[in-house]
Amino acid sequence: MGVAARQTILVADDTKLNRTMLSDILSDDYDVIEACDGREAVELLRDREGTISLLLLDIVMPNMDGFEVLAYLHRSRWNNDLPVMIISAETSPAYIRKGFELGVSDYISRPFDPEVVLQRVRNTIALYAKQNKLKDVIAEQVMEREKTSTLMVDILSTIVEFRNGESGLHVTRIRIIAELLLEAIKRRFPEYGLTASKIALISNAAALHDIGKIAVPDEILNKPGRLTPEEFEIMKTHAAVGDEMLDGLRFGKDEELVKYARQICRWHHERWDGGGYPDGLKGTEIPIAAQAVSLADVYDALVSERVYKEAYSHETAVSMIKNGECGAFNPDLMQCFLGEADSLKDLIAIRSDPSKVLFDAGKLSREVLERSEPGLSGRTVLLLERERAKFTFAASFSDGLLFDYDSESDTVAFSGKDRERFGYPKIIADSAASLMGEESPQALAILQQRIAGTSPGDPLTNACVELTLADGIRRTCEVTCLVVWVEDGEQPRRLGVVGRVAVRATES
C-alpha cells in the first residue's frame, strides 16, 4: 500500500516569528509553505491552485491585507473549495464577524496554543474532506443514473433509426442542437423558466422524438419518393403513437424525463401558426421542449441526406427556415436559432463530397458544455475559456511582458522575459487600473478606449503608449491585447484581457 500524499497548508503572515511557530506546530503532519503578505499568498494560490488544503491567514499585512485576500477568494470563486482560518491578534467582534461574512471557517487568536491550533486545523481539513467526498459520491450516483437513462434512451432511439434507415448520428445531433437552442433561450428569455436540469432532461428526452415510427410500415417509412396523401396520413400517426407508447409504460411514466419525452413525441410536428399535427396546437399551447426539438429536427433534416433528397448547405437550410419554407416557429426561438446559426456552421464538417454535410457531434457537444451551467464549477469553465485564448495568443511571442487581466477577480498577472525590466510584480490584485501603473494614467486611458472598441467578432486591438520602466526611463511601448468574451444573457461580456507589452525596437 502506497503512502498517502501529505496535505499542504499555506501560512500567510507578515511576521516571520508567527510563520515559524505555525510551521513548527504543523510540519510533522503537513507540508507548510509561507507567504509574507497577501500579495504573495495570492501568487502562491494561483501557482499551486488545487494543491493547497488550508489557508492560515493573518489580517493586518502590508501590500494586501487578509480581508482583501478573502475578497479575492470570493471573487475568484475559490471560497467554497479552500478552507480559510484566520490567525490574528485582532479579537474585536467586528473583525471576527467580517471574517466569517467573507467565508472564514475558523478564527484563532494569538498567542497560539499548539495543541489547539493543531486540532482545529485537523478538524477543518477533515470536515472539508468529508464534504468533498460526499459531493463526489452524490455526483457519481447522479452520473450513474444519468448514464443508465441515457443508455436506455439510446437503445430505443437507435432501434427506430436502424429501421428508419437514417444515420445513427441523427439522434445525437437532435439532442445537441436542441440543447444549444434551449441554452440560448435560457440566456435570452428567462421568462421561459428553463434551468440546467430541465435542459438536460429535455435534450435527453429529445432522442425519443420519433419512437412512434416503429409502428409505421417499412414501405412508407423508407419510400424513396414523395409520399401519397394517404401514405402521409399514416406517417403522421407516429407522433400520437409515440405518446401513447410512453403513456402505456408500466413503470416510470411519471418521471420528468418521460413527461418531456411525451410532449416531444406528440407535439414536435406542431407549428406556431396552428398548421401542424396531430392536435393543431398554436403558439404557446406548444410546450417549449417540443418547439426546440421541432426546429432542431427540421434543420437537421435539411442539412442531412435522406432517401428522398440530397443534403442542403447550411446557408440554404437557414434561409429556408428563416423565410418560412419549413413552417412557422416561435419568434423567440427563431431569434435564438439565427443567433446560433454561425456556431452551427462552424461546427459542421464537410466530407469529401461537399454536398454531404455531417455535424461534428463531439465538437458541438463540447461547445454546448462550455456554454451551459456545468456540473463543474462555473469558475472551471471560465478558466478553461481564458486559458485556451491565453495559450493561443501567448504562444506566438517569445519575449516582452505578458499580462493576463481577469475581470472576475479584478486581478492582473504578469509574466514573460521582460517582467522585471518593466518593474511589475507577478500579480496585482487590487484593481484593473493598476495594469499600466499609477504613473501612466494617459497610457491606461488609451488602452481602455481601445479595449472598449473591441467586440466578440473583432477581439484584437493594439496601441502605442509611453511607460516608465524599472530603470526610471520612459519608453514608447507597443501593447497588443486580445479581449476574451463570454456569452452572458442577451449580451456578451468581457471575461478578461490577455496581451503583450514590448519596448519599440528603436528604443530598446
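What you have open is a predicted model, so local features need pLDDT of at least 70 and side-chain atom pairs count only at pLDDT 80 or more, while totals for chains, interfaces and linings use all residues. Numbering runs from 1 along each chain as its sequence is written, and side-chain values use heavy atoms, with hydrogens and water left out.

**Stop 1: the cores.** Select Ile185, Tyr299, Ile321 and Phe337: they have the most contacts inside the largest nonpolar core, which has 45 residues. Such a core is a set of buried Ala, Val, Leu, Ile, Met, Phe, Trp, Tyr and Cys residues joined through side-chain atoms within 4.5 Å; buried means under 20% relative accessible area, exposed over 50%, and partly exposed in between (1.4 Å probe, protein chains only). Helix 11 gives the most to this core, with 10 residues. (Helices are DSSP runs of H or I, at least four residues, and strands are runs of E, at least two, numbered from the N terminus.) Now centre on Ile321: beyond four places in sequence, its contacts (heavy atoms within 4.5 Å) include Leu295, Tyr299, Phe329 and Phe337. For a second, separate core of 26 residues, pick Ile52, Met61, Tyr72 and Tyr107, which are among its members.

**Stop 2: helix 10.** Colour its buried residues: Leu257, Val258, Tyr260, Ala261, Ile264, Cys265 and Arg266. Next, show Arg262 and Asp243, whose side chains meet in a salt bridge at 2.5 Å, N to O. The term means a side-chain nitrogen of Lys or Arg within 4 Å of a carboxyl oxygen of Asp or Glu. Arg262 is in helix 10 and Asp243 in helix 9, so the pair ties together parts 19 residues apart in sequence. Arg262 is partly exposed at 27%, whereas Asp243 is buried at 8%.

**Stop 3: another bridge.** The whole structure has 19 salt bridges.

**Stop 4: Ile451.** Find this residue in helix 17 (residues 441-452). Is Ile451 buried or exposed? Ile451 counts as buried, at 13% relative accessibility. Leaving out neighbours within four places in sequence, select its contacts Thr461, Val483, Arg494 and Val497.
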